[in-house]
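I opened the model to go through its helices, its pocket and a few loop residues. My notes follow in the order in which I looked things up.

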Amino acid sequence: MCGFVAAIGPGQPIPEATLVAMRDRLVHRGPDDAGLWFGSYPRGSVSLGFRRLAIIDTRDVANQPMVSEDGRQVIVFNGEIYNYVELREELERLGCTFRTRSDTEVLLQAYRYWGDAMISRLNGAFAFVIWDEARGAALIARDRFGEKPLFFGRLDTGGLAFASEIKALLAHPGIAADVD
């Protein structure tokens, strides 16, 4: 099942304890591994957390957040890309190399090769955040039918937070559970 959290916005990355609290509200979605990643860019910061249920490529090298070989992109991803084998084969023909057998790395490589246009090539149930340091931007997407959840909330600091479940968002002290 897996689950992720992300916060993007002005200022410093959110405190590690806050990101861990948010991420670990999703422990039931991913008992096999837990990861964190923090980054900064000229206008702010990015914080990513992930809980993994290892199904495709259960090796540690496939853990998330997954960083590209050159360190310029990072992904957290929940779901399954049903056509990842075909996409991988096409990317290999185009010269891409892979370290894992995971659909997560196929997503990351597809983004690196096709950019945002890769979304139209995906067949699956998914939600993901790809931070692209080279662009200073994030690609945040979910499948067309919303099978994999993706919730978001505004942070009191001016940023946005994303998560696989609302209760992970509510673990951030800057997100209130008030009705708007």
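**Entry 1: helix α2**

I began at the end of α2, where the residue that follows is Gly95, with a positive phi near 105°. Helices here are DSSP runs of H or I with at least four residues, strands are runs of E with at least two, and both are numbered from the N terminus. This is a predicted model, in which local features need pLDDT of at least 70 and side-chain atom pairs count only at pLDDT 80 or more, while totals for chains, interfaces and linings use all residues. Residues are numbered from 1 along each chain as its sequence is written, and side-chain values use heavy atoms, with hydrogens and water left out.

Which residues of α2 are buried? I found Tyr84, Leu87, Arg88 and Leu91 buried in this helix, which spans residues 84-93. Buried means under 20% relative accessible area, exposed means over 50%, and partly exposed lies in between, with a 1.4 Å probe and protein chains only. Down the axis of α2 the buried residues fall within an arc of 100°, so they line one face of the helix. The arc is taken over the directions from the helix axis to the C-beta atoms. An α-helix has 3.6 residues a turn, so residues three or four places apart point the same way. I then looked for what covers the buried residues of α2, and the cover includes β5 and α3. Contact here means heavy atoms within 4.5 Å.

**Entry 2: helix α1**

I repeated the search on α1, residues 16-24, where the buried residues are Thr18, Leu19, Met22 and Arg23. They fall within an arc of 130° seen down the axis of α1, so they line one face of that helix. On the face turned away from the buried side I noted the exposed residues Glu16 and Ala17. The cover over the buried residues of α1 includes the strands β1 (3-9), β2 (33-41), β3 (44-52) and β9 (160-163), and also α4 (166-169).

**Entry 3: the whole chain**

I counted four helices and nine strands in the protein. From the N terminus on, I read the order of elements as β-α-β-β-β-β-α-α-β-β-β-β-α. For 180 residues a compact globule would have a radius of gyration near 16 Å, and the protein, at 16 Å, agrees with this. That radius is taken over C-alpha atoms, and the globule rule is 2.2 Å times the number of residues to the power 0.38. Along the principal axes, the C-alpha atoms fill a box of roughly 50 × 35 × 30 Å. Of the 180 residues, 52% are buried. Among contacts between residues at least 6 apart in sequence, I noted that 56% join residues at least 24 apart.

**Entry 4: the largest pocket**

How much space lies in the largest pocket? The value is about 290 Å³. A pocket is an open set of points on a 1 Å grid over the protein atoms alone, with protein on both sides within 12 Å along at least five of seven lines, and lining residues have an atom within 4 Å of a point. Of its 19 lining residues, the closest to the centre are Cys2, Leu53, Ile55, Gly79 and Asp103. The elements that give two or more residues to the lining are β5 (73-81) and α3 (103-114). The largest share, four residues, comes from β5. By class I noted ten nonpolar, five polar and four charged residues in the lining.

**Entry 5: loop residues**

Between β3 and β4 (66-67) I looked at the loop that holds Pro65. The peptide bond from Gln64 to Pro65 is cis, with omega near -5°. Asp57 also has its place in the loop between β3 and β4. Asp57 is not a glycine, yet its phi is positive, about 55°. Asp57 counts as buried, at 6% relative accessibility.

Next I went to Leu155, in the loop between β8 (151-154) and β9. Leu155 counts as buried at 9% relative accessibility. Not counting residues up to four places away in sequence, Leu155 touches Ala7, Leu160, Ala161, His172, Gly174 and Ile175.

I finished with Asn83, in the loop between β5 and α2. At 15% relative accessibility, Asn83 counts as buried. Leaving aside neighbours within four places in sequence, Asn83 is in contact with Arg121, Leu122 and Asn123.

Definitions and conventions:
On a 1 Å grid over the protein atoms alone, a cavity is a set of points where a 1.4 Å probe fits but cannot get out, and a pocket is an open set with protein on both sides within 12 Å along at least five of seven lines; lining residues have an atom within 4 Å of a point. Grid points are joined across faces, edges and corners, and a volume is the space filled by probe spheres set on the points. Ala, Val, Leu, Ile, Met, Phe, Trp, Tyr, Cys and Pro count as nonpolar, Asp, Glu, Lys and Arg as charged, and the others, Gly among them, as polar.
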